[in-house]
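Subject: Structure for your review

Dear colleague,

Please find below the structure that I am handing over to you. I would ask you to look through it first and then to read the notes that follow.

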Amino acid sequence: MAGQGWRVRLVALAAVGGILAIALGVRVLASGDGVLDSSGALRQHSGTALYASMAYAGMFVLAPRARPVVAGTIAVAFCWLVEFLQLTGIPAALSERSVVARLALGVQFDATDLVWYLVGVLPLVLLHTGVNRWVLASGGRAVRRRRGRPA
């Protein structure tokens, strides 16, 4: 059981990397000229939702035993905190000096983003909860069968 925490962390870390790749891919492909571009509704809103999805996956890197609803609540709260921090101007100042800060902290407050964070996290919480219930309902047989153990 102790090894399960590391497996969850590795899967979560892979998910963070995959989500980041999708977010950057959308920004490059949607621009049409192969440039990392954040303008336009598709790039802006998908990036916001995927940022929140990445925060959700990141919760399991930090706390692999977290329940989906708790992880989702903390991920959304984190995203909202970063969004409201943009009202101070600190992220904008940091973003002038660093592309990483710009991607991680954003530049200016946008109330619409508060909803897009929910769009990025809520489906993952529902999916994760459903998978957990399915595994519990199967008595763990699905997991044991996948690992090559008899059910």
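I begin with a single residue. Val107 has a relative accessible area of 29%, so it counts as partly exposed, a class that lies between the limits of 20% for buried and 50% for exposed. Please bear in mind that this is a predicted model. Val107 is placed in the loop between α5 and α6, the latter spanning residues 111-137. Setting aside neighbours within four places in sequence, Val107 is in contact with Gln86, Ala92, Ser95 and Arg102. Its C-alpha is also 8.1 Å from the C-alpha of Ala93, a residue 14 positions away in sequence.

Next, the chain as a whole. The protein chain contains 7 helices and 0 strands, and its order along the sequence is α-α-α-α-α-α-α. Of its 151 residues, 32% are buried.

Which residues make a nonpolar surface patch of about 310 Å²? The patch is made by Leu20, Leu24, Val99 and Leu103. Two elements, α1 (2-31) and α5 (99-105), each give two or more residues to this patch. Leu20 is found in helix α1.

I turn now to the aromatic residues. The structure holds 3 aromatic pairs. One of them joins Tyr56 and Phe60 in an edge-to-face arrangement, with 5.1 Å from centre to centre and 75 degrees between the planes. Both residues lie in helix α2 (residues 41-62), 4 residues apart, which is about one turn of the helix.

The charged end of Arg9 sits over the ring of Trp6, at 4.9 Å from the ring centre.

Yours sincerely,
A colleague

Terms used:
Residues numbered from 1 in each chain as written. Predicted model: local features only at pLDDT ≥ 70, side-chain atom pairs only at ≥ 80, totals over all residues. Heavy atoms only, no water. Buried < 20%, exposed > 50% of the residue type's maximum accessible area, 1.4 Å probe, protein only. Patch = residues over 30% accessible without salt bridge, like charges linked within 9 Å, V, L, I, M, F, W, Y side chains within 5 Å. Areas by Shrake-Rupley, 256 points an atom, 1.4 Å probe, with all protein chains shown as cover. Salt bridge = Lys/Arg side-chain N within 4 Å of Asp/Glu carboxyl O. Phe/Tyr/Trp six-rings, centres within 6.5 Å; stacked < 30°, edge-to-face > 60°. Lys NZ or Arg CZ within 6 Å of the ring centre and 35° of its normal. Contact = heavy atoms within 4.5 Å.
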